[in-house]
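Subject: Structure for your files

Dear colleague,

Here is the structure I said I would pass on. My notes follow below it.

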Amino acid sequence: LTASGDWGREPLLRLAERLSRFVTRRWQSQREVNLRIHKDGLTGVFNRAYFDSQFPLELERARRSQGPLTLVLADLDHFKRVNDRYGHPAGDRVLKMMARRLQDALRRIDHVCRVGGEEFALILTDTPAEAAHEVVGRLLDAEYTETVDDEGHGRPLRVTFSAGAVTFPGAGLDPFELYRKADAMLYLSKDLGRDQCHFWDSEGQHLRLVPRPN
């Protein structure tokens with residue numbers, strides 16, 4: 001802002017302050033709208049629309065900084081049985097519990113997204129394969145339990161997940177290619193017994209992680 005001869009310094013500063021508050025309120029309002037659009041209504045984590053837009057952006061950032069990025073796709077094991085036996089309200093509580101635990105286990109710079117009914121995508125920024133192995137290993141070792149109603153009695157229900165993971169740039173450069181490979185690793189984990197994760201390897205020697213015995 002610049003003042004003409006008719007403007008004094010104080011009126012100009014007051015105008016600048018009002019304009020600053022207006023811009024800040026507009027920015028905050030737009031940010032709240034964007035968060036509502038991109039948050040999953042049930043679990044509170046990011047939704048599929050956010051993942052579809054954010055994953056390519058994070059991949060581009062990793063490409064420009066020449067840094068690593070790991071994508072993990074995780075699917076709750078036998079989740080349909082939970083809904084069928086205990087009802088959808090119990091299933092919803094399990095999903096919310098899982099989303100909360102995933103958020104608590106990861107860094108603020110990582111992204112937890114619910115991309116399907118019982119499927120989550122984890123975008124681990126600036127995370128090489130070795131570090132991602134440790135992260136996923138901790139997630140597999142953790143116990144996920146939610147209390148559900150079983151014929152009028154509260155029962156602790158333990159759930160597990162299967163996962164597939166890829167690390168940029170070794171696993172590929174394109175977001176669709178990386179997602180496809182992570183999805184293939186997820187289904188490999190399911191086919192080989194669930195409650196485990198496979199990391200894609202270009203030689204076909206996919207690393208398999210399973211929970212450590214108690």
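Strands β4 and β5 form a hairpin with two residues between them. In the turn, E151 has a positive phi of about 55°. The two strands, β4 and β5 (residues 153-159), pair in the antiparallel sense over seven bridges. Within this pairing, T147 stands opposite P156 in β5. Please keep in mind throughout that this is a predicted model.

R85 bridges to D150, with the closest N and O atoms 3.6 Å apart. This pair links distant parts of the chain: R85 lies in helix α3, D150 in strand β4 (residues 144-150), and 65 residues separate them. R85 counts as exposed because its relative accessibility is 56%, and the cut-off for exposed is over 50%.

D84 and K80 are four residues apart in helix α3 (residues 79-86), so about one helical turn separates them. Both D84 and K80 are exposed.

The salt bridge between D75 and K190 has its closest N and O atoms 3.4 Å apart. This pair, too, links distant parts of the chain: D75 is in strand β1 (residues 69-76) and K190 in helix α6 (residues 175-191), 115 residues apart. D75 counts as buried because its relative accessibility is 6%, and buried means under 20%. K190 is buried as well, with a relative accessible area of 17%.

Salt bridges also occur as a network, in which E60, R63 and R64 are linked. In total, the count comes to 13 salt bridges.

The last item is D40. Where in the chain is D40 found? D40 sits in the loop between α1 (9-38) and α2 (48-65). Is D40 buried or exposed? With a relative accessible area of 13%, D40 is buried. Leaving aside residues up to four places away in sequence, D40 touches V45, F46, N47 and R114.

Regards

Definitions and conventions. Residues are numbered from 1 along each chain as its sequence is written. This is a predicted model: local features need pLDDT of at least 70, side-chain atom pairs count only at pLDDT 80 or more; totals for chains, interfaces and linings use all residues. Side-chain values use heavy atoms; hydrogens and water are left out. A salt bridge is a side-chain nitrogen of Lys or Arg within 4 Å of a carboxyl oxygen of Asp or Glu. Buried means under 20% relative accessible area, exposed over 50%, partly exposed in between (1.4 Å probe, protein chains only). Contact means heavy atoms within 4.5 Å. Two strands pair if DSSP finds at least two bridges between them.
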